[in-house]
Amino acid sequence: FKNIIYIYISQFIRLIVGFGVLYFLTENLSLENFGKFSVIKSALSILGILISLGIENVIVRFVAEFEKNKRRGYSYFLMINALKIRILSIGFVWAIIFLNYNLIATKFNLDSFEVVIIPLILLIIRLNSILGVSFLTALLKVYKEKKLQIVYDLSKLAGFYFIAQLDQIIYLIGFWFLLELGALCYLGLIFFNHFKKIKKETSTHIPIEDKSRIFKFAKYQTLAALLFILIDLSADNLMISYFLSNEKVAIYSFGLGLISYLSYLNPSFLMKNHYTSLLTNYYNGSVDKNIMDKINFLFRISVVIMIPFYSVFAINIEEIIDVVFDKKYSTAIDLILLGLIFYFFKELIFSFSPLINLFEKNKLFLRAGILSVFNLIVNLILIPRIGIMGALIGTGLTWILIFGFYLYSFIVFFKSHKFFPFKTLVLSVFLGLAFILLINSIPGLKSNGILTLIFNFSWQLLLIVALFFALNLIRLDDITRLYKLKSSK
């Protein structure tokens, strides 16, 4: 219960902070500098995927199993080796970038120092990824990481408010680095306290059969992650920067960034790692009715939460940009409206992650990664011809392909479609579209200020949620079930 509460509190704060940071950056940075900052973030994301080697998912899956079976020594062995591999892989990336920093700076319109500093930030971020989300999720102690996240996000909001006004990328990067370094110290202390007596308690020698399972799991996770780079929005940003300009990157990052913040409201996104740990603790080797019910619930709750928010967001997007942000980003409206359709499939893909990890269906992850090559091909064809809309079309169609592939594969695996709420999905989409048409047909609803915008967004959201309740798409016990996932064991 404590984990769930902290997940939602921290993600609500992250949603508010995300909008706040986006506002400070778009309000104070020029299009060129905001595009440049987005390119740097994209480079960090792409490099992070390249060096991930499936480590985070391995930790969530196997540390949870080892701790459950009181084999803490195995957890220690796995964590220490994961940290060693991560440090060595980042050192390798750093060497390559250092030898080619002038070429990289020229190709992506960056300063040389901005290129060289990227691996240093990458090191801290990726170590935090292992020690924070992955390790603490596996221990079912997510609340500790979420406490840190709340402090981190509020500090980031305050710092970016002042620093963005200087319109200097180097100061933003420096402050970001200090935040990550502070987080690393906190997480390192938790790690040390958990394992400080480990060698006196139990063996750290993992049996060969478990090593084989871990290696097999990591192998497919790594290969798939390398392929999934091609569908990451960061890859789109780098290709847009290469073919077009950093100003176009700014528009694309702004539009898709706004949509991505809505993911912080999606239970499947918030709880994909936590749900993997919970199901690992519950799973006894057979798929029974209770576990199918849990899986169906995760898909259903994501659908009925996200469609109301997507619908109201689509209705008010023009006013959100005009009132909250800057009209220079109004060219992103068509991109955002089309992006909402595609992004919904990405939201549903999040729900498959716990299933892939739990049942160790790593080949599915790999095969889905192969589908992402489609995005690369479409981007190479469409970005030079129709610009950033081409990038969105390629990425969006690939999300739809991957969703369809996962859905079909698990229908075959379970020999049933009952794990997926088809009826709820169809009714929710229909109701969302009908609601958008209804509200847009009412004259005089345009928001001319922040208070009016908040009022219109709020009553529209309450109204569509009430309609979902009336049609039994959202049920009174859903919140209770969401908070008591583990207790239903």
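Welcome! Start by selecting helices α15 and α16, which are roughly antiparallel to each other, because their axes cross at roughly 170° and an angle over 145 degrees counts as roughly antiparallel. What you have open is a predicted model. In the viewer, α15 covers residues 289–324 and α16 covers residues 333–349. The two axes come within 11 Å.

Next, show the side chains where the helices meet. From α15, pick out residues including Phe299, Met306, Tyr310, Phe313 and Ile317. Facing them in α16 are residues including Ile333, Leu337, Leu340 and Phe344. Colour this contact by residue type and you will find 16 nonpolar residues, no polar ones and two charged ones.

Now zoom in on isoleucine 317 in α15. Is isoleucine 317 buried or exposed? Its relative accessibility is 3%, so isoleucine 317 counts as buried. Leaving aside neighbours within four places in sequence, select its contacts: Leu258, Ile333, Ile336 and Leu337.

Time to step back to the largest nonpolar core, which has 117 residues. Helix α15 provides the largest share of this core, 19 residues. Select Phe352 and Phe419 too, as they have the most contacts inside the core.

For a last stop, look for a second, separate core of 30 residues. Val63, Ile124, Leu131 and Phe217 are among its members.

Key
Residues numbered from 1 in each chain as written. Predicted model: local features only at pLDDT ≥ 70, side-chain atom pairs only at ≥ 80, totals over all residues. Heavy atoms only, no water. Helix = DSSP H or I, 4+ residues; strand = E, 2+ residues; numbered from the N terminus. Buried < 20%, exposed > 50% of the residue type's maximum accessible area, 1.4 Å probe, protein only. Contact = heavy atoms within 4.5 Å. Axes fitted to C-alpha atoms, helices over the stretch in contact; angles between N-to-C directions. Parallel < 35°, antiparallel > 145°, perpendicular 65-115°, else oblique. Nonpolar A, V, L, I, M, F, W, Y, C, P; charged D, E, K, R; others polar. Core = buried A, V, L, I, M, F, W, Y, C linked by side-chain atoms within 4.5 Å.
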